[in-house]
Amino acid sequence: MPPMSLRPFKFLLLFLLSLPAVSQAQVIVDTTSLPELVLVDSIVLSGQNITRVSVIEREYVMHTGDSIPRNLFIKTLERTRENLINTFLFNFVTITAQNIGNNRVMVFIHVEERWYIFPLPVFELVDRNFNEWVKSGDWSRVNFGLNLKWSNFRGMNETMNFLFKWGYTENIGLNYIIPYINKNKEEGLAIKTTYSRDKEVVYSVFDSKPQRYKVESRFMRREVTAGLTYSRRKGYYKTSSFFAEYRKVSVDDTIPVLNSEYFGNSRTRQQLITFSWLYRRDFRDIKVYPLSGYMLDLEATKLGFGLLPDEPNLLFLTAQYKAFRKLTSRWFVAGSVKGKLSGQGNQPYYNMKGLGFNNDFVRGYELYIIPGQNYLISKTALKFALLPTHVIEVPSIPLEKFRKIHYAFYLNAFFDVAYVRDRQYENQNPLANDYQYGYGLGLDYVTYYNLVFRLEYSINKFGEKGFFLHFTAPI
């Protein structure tokens, strides 16, 4: 595993530490001035220009006329602020309260909206992670394009996303998310359609590493998808989602020669209808980089209903639990466990996922994949706030919505362990059917617009070690 240079990361750290900073304002209340039983007299909102008031009020945990004990009142304000931050509509939310006598308190909520329209150029790595891309030595393995994202469309927290991508792979897609379609703001819809084609296909695994086949002169894989999601959010923290998708995939005639079980039975195409149900209880404080709370996911996915030719018949059950706890003002602990179960029959390689994709991997195994029918993975981390959340003002930035930046640095020690059960590729997949673990140290940089950068030094079960760069929270 090739080591990565720390020079750019050191420069970024020194640069941010040199800037003037103040502690981030959150909930500012003089608790000594509050009565034992607080009566919420009124809630005054300010700062919103685009977002509709009803969307913001949907996240209030307290309402005008509520009577709340003083110790619970502060927690109520903090939870309201976290709810508003987790809409991803605002960079900053500040809540204050003023005692106006007779046990009555006025609550003031000030929000600072984000920039919502991003016509951004796309620069995307083809490989599963940054280190795999570096190890390939092929700097052409990137995609370019345009990603037009309009968040908070119509001020209703709707998101419209149009993607046009070319380069190593080609993709065009449209995604429209409508979180509220009813008056009570409990039901939502999302519509997604994509078309993609690739000159390279990962057709199998050998020595627990992806096996690729590529032809420059023609496309090896084509895929069309269309999906619809219906969601129901009851209260603040419980959501049920129902997802239906049609997918059609075809590959070059060479692929089933290389792996007859890519689609199964030496097929060159697959059509399928997928239906899934997801239930989520999400009590995390800040979803992008949580430090307290928990999240529980339960998911059932059915692939194929016998309605289309060449359709597989598969059922996946997945459960995930994440927990975060604040130990002291600067020490935190986090942990997660995720498991997947599927049927006993053989699965096409295309439909079989294990570890090594998205955020499901053991740190230290970034260059491996471990496909399998069933798996269990656990991650733990102990964190120290090296530099707690700060806010800096950069007057030279011309756009006001980018001028104020919050950031934080966290040191962490971690340990991951996993087990993958594979009945089909165990000869080419030696990391399956045995426990794998990795551990190490990391530095996380968290900043605005949902940006997280992680630099980790990991060691796996075999003593292989290296620096790895990631762009999402580890747990």
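Predicted model: local features only at pLDDT ≥ 70, side-chain atom pairs only at ≥ 80, totals over all residues.
Residues are numbered from 1 along each chain as its sequence is written, and side-chain values use heavy atoms, with hydrogens and water left out.

**Exercise 1. Confidence**

Find the average pLDDT of the chain, and say which stretch falls below 50.

Solution. Start with the scale: pLDDT is the predictor's confidence in each residue, from 0 to 100. The chain averages 88, and 89% of the residues score at least 70. The stretch below 50 is residues 1-25, which has 47 contacts in the model beyond near neighbours in sequence; a contact means heavy atoms within 4.5 Å.

**Exercise 2. An open sheet**

Work out the strand order of the open five-stranded sheet, and say which strands stand at the edges.

Solution. First, the terms: helices (H or I, at least four residues) and strands (E, at least two) are DSSP runs, numbered from the N terminus. Two strands pair if DSSP finds at least two bridges between them. The order is then β2-β5-β6-β3-β4, with mixed pairing. At the edges stand β2 (27-28) and β4 (67-69); each has a single partner strand, so one side of each lacks a neighbour in the sheet. Next, look at β3 (residues 37-46) and β6 (residues 104-113), which are parallel and share seven bridges. Valine 44 stands opposite phenylalanine 108 in β6.

**Exercise 3. A hairpin**

How many residues lie between β12 and β13?

Solution. Begin with the pairing: β12 (residues 200-206) and β13 (residues 209-214) run antiparallel, joined by six bridges. Serine 204 has glutamine 211 of β13 as its bridge partner. The two strands form a hairpin with two residues between them, and aspartate 207 in the turn has a positive phi of about 55°.

**Exercise 4. Aromatic pairs**

Classify the pairs tryptophan 150 with phenylalanine 153 and tyrosine 262 with tyrosine 350.

Solution. Rings of Phe, Tyr and Trp (its six-membered ring) pair if their centres lie within 6.5 Å; planes under 30 degrees apart are stacked, over 60 edge-to-face, and the rest tilted. The count by this rule is 24 aromatic pairs. Tryptophan 150 and phenylalanine 153 are edge-to-face, with 4.8 Å centre to centre and 80° between the planes. Tyrosine 262 and tyrosine 350 are tilted, at 6.0 Å and 55°. Tyrosine 262 lies in the loop between α5 (254-258) and β16 (269-282), and tyrosine 350 in the loop between β19 (331-342) and β20 (374-393), so this pair ties together parts 88 residues apart in sequence. Now check burial (buried means under 20% relative accessible area, exposed over 50%, partly exposed in between, with a 1.4 Å probe and protein chains only). Tyrosine 262 is buried at 4%, as is tyrosine 350 at 15%.
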